[in-house]
Amino acid sequence: MRFELANILRCRAYDGAGVRWPIENGSVYLGYAHGGSGIALFLFYLALATRDSEPLRLGREALRFELAQAVWLEEEFASFPAQLGGLTELPTKAAVSCYWDVGSAGVGTALVRYYFIDQDPTDMRWLAQLTADASRKYTAFPQLFRGLAGLGNFLLDVWQVTGDREHLLAAWQTAEGILLFGIEREQGLAFPGDQARRESADFATGAAGVGLFLNRLLKAESENALNFNFVADEFLTGISKKSN
C-alpha cells in the first residue's frame with residue numbers, strides 16, 4: 001500500500017485547481033475507472049485504514065478537480081467528459097457521460113462516501129446534481145460499467161447513506177429499463193453485452209453485473225445490500241439509512 005501511495009504522490013499535479021494525474025501528453029483522464037474519482041476513493045479507504053488524515057485531504061483535492069470539470073449547458077448540469085485534452089480544452093456536449101466508469105455515477109460513488117463521514121452541505125448539493133443525472137430508465141445499454149445497472153447501483157449507495165427513498169425508487173426505475181433488454185432463452189434470461197454485438201455473461205458489460213445489481217436492489221432494505229462493485233466498505237462502520 002505504501003508503494004501505491006508513493007506512486008500516486010509522485011505522479012500527481014497539484015495547484016490551485018486541485019489534484020489530477022496527467023498522462024505523458026498532458027491529457028487528464030476523469031471519472032472512476034481511469035481518473036481522479038477512483039483515486040480519491042482509494043485515498044478515502046487508505047485514510048480510514050491507517051487513521052491518517054493526509055490521504056483524505058488529498059482525495060478531497062482530487063474530487064475538487066473532478067467536480068470542477070462538470071459541463072453545464074444553458075445553466076443545467078450535463079455531466080462530465082471522459083478526459084481533458086489539456087487544461088484549457090473545453091469538453092463538448094457529445095463527450096459527457098452519466099455512467100459509472102466515466103461520468104456522474106462514478107464521481108458520485110466516491111463523493112457519497114466522503115459525504116458519509118462529514119455531511120458536507122456542498123457534497124449534498126453536488127449529489128443532487130449527480131443523482132438527477134443518474135436517475136434514468138433508458139440508456140443505450142443495461143450493463144454495470146457503462147449502463148443502467150451502474151446508475152442504479154450508485155443510486156442505491158445514495159439511498160443507503162441519505163435515507164431518501166426518492167433514490168431507491170429511481171433505482172427501481174433503472175431496473176425497469178434493464179428488463180427491457182432481457183432476452184428470453186431456454187437456459188434463462190440473457191442480456192446484450194458491450195455495443196450489443198452479442199449476448200454477454202460478464203461482470204462489466206453482461207448478465208453477471210446486471211444480476212448482481214438486481215440482487216442488491218431486491219435486498220435493498222436488508223443489512224446485506226452493500227455495494228459489490230470495486231469498493232471496500234468494510235472500512236466503514238456500515239452504510240445504513242439515515243433518517244431525514
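**Close-up views**

**View 1. Leu214 touches Ala175 and Leu179, with residues up to four places away in sequence not counted.** Contact here means heavy atoms within 4.5 Å. Leu214 is found in helix α8. Helices (H or I, at least four residues) and strands (E, at least two) are DSSP runs, numbered from the N terminus. Leu214 and Asn153 are 61 residues apart in sequence. Their C-alpha atoms are 8.8 Å apart in space. The model is predicted: local features need pLDDT of at least 70, side-chain atom pairs count only at pLDDT 80 or more, and totals for chains, interfaces and linings use all residues. Residues are numbered from 1 along each chain as its sequence is written, and side-chain values use heavy atoms, with hydrogens and water left out.

**View 2. Helix α6 packs against helix α8.** Helix α6 covers residues 148–162, and helix α8 covers residues 207–218. Their axes come within 9 Å and cross at roughly 30°. That makes α6 roughly parallel to α8. Axes are lines fitted to C-alpha atoms, for helices over the stretch in contact, and angles run from 0 to 180 degrees between N-to-C directions. Angles under 35 degrees count as roughly parallel, over 145 as roughly antiparallel, 65 to 115 as roughly perpendicular and the rest as oblique. The crossing of α6 and α8 is left-handed: the near helix is turned anticlockwise from the far one by less than a right angle, whereas clockwise would be right-handed. From α6 come Ala149, Gly152, Asn153, Leu156, Asp157 and Gln160. From α8 come Gly209, Val210, Phe213, Arg216 and Leu217. By class, the residues of this contact are 5 nonpolar, 4 polar and 2 charged. Ala, Val, Leu, Ile, Met, Phe, Trp, Tyr, Cys and Pro count as nonpolar, Asp, Glu, Lys and Arg as charged, and the others, Gly among them, as polar.

**View 3. Helices α7 and α8 pack at an angle of about 140°.** Their axes are 11 Å apart. The two helices are therefore oblique to each other. Their crossing is left-handed. Helix α7 contributes Leu168, Ala171, Trp172, Thr174, Ala175, Ile178 and Leu179. Helix α8 contributes Val210, Phe213, Leu214, Leu217 and Leu218. The contact of α7 with α8 has 11 nonpolar residues, 1 polar and no charged.

**View 4. The largest nonpolar core has 57 residues.** Such a core is a set of buried Ala, Val, Leu, Ile, Met, Phe, Trp, Tyr and Cys residues joined through side-chain atoms within 4.5 Å. Buried means under 20% relative accessible area, exposed over 50%, and partly exposed in between (1.4 Å probe, protein chains only). Phe80, Leu130 and Phe213 have the most contacts inside the core. Helices that each supply at least two of its residues include α2 (36–50), α5 (121–134) and α7 (165–179). Helix α6 gives the most, with 9 residues. Beyond four places in sequence, Phe213 touches Ala149, Gly152, Asn153, Leu156, Ala171, Thr174, Ala175, Ile178 and Phe228.

**View 5. Helices α3 and α4 cross at roughly 135°.** Their axes come within 11 Å. That makes α3 oblique to α4. Here too the crossing is left-handed. Leu56, Gly59, Arg60, Leu63, Glu66 and Leu67 of α3 meet Val107, Ala110, Leu111, Tyr114, Ile117 and Asp118 of α4. The contact holds 8 nonpolar, 1 polar and 3 charged residues.

**View 6. Glu61 lies in helix α3.** Glu61 is buried, with a relative accessible area of 16%. Beyond four places in sequence, Glu61 is in contact with Tyr14, Gly18 and Val19.

**View 7. Ser79 has a positive phi of about 90° although it is not a glycine.** Ser79 sits in the loop between β5 (76–77) and β6 (80–81). Ser79 is buried, at 1% relative accessible area.

**View 8. Gln195 has a positive phi near 60° and is not a glycine.** The loop between β10 (188–192) and β11 (199–200) holds Gln195. Gln195 is partly exposed, with a relative accessible area of 45%.

**View 9. Ala208 lies in helix α8.** At 31% relative accessibility, Ala208 is partly exposed. Leaving aside neighbours within four places in sequence, Ala208 is in contact with Ala201, Asp202 and Phe203. Asp118 is 90 residues from Ala208 along the chain, and their C-alpha atoms are separated by 34 Å.
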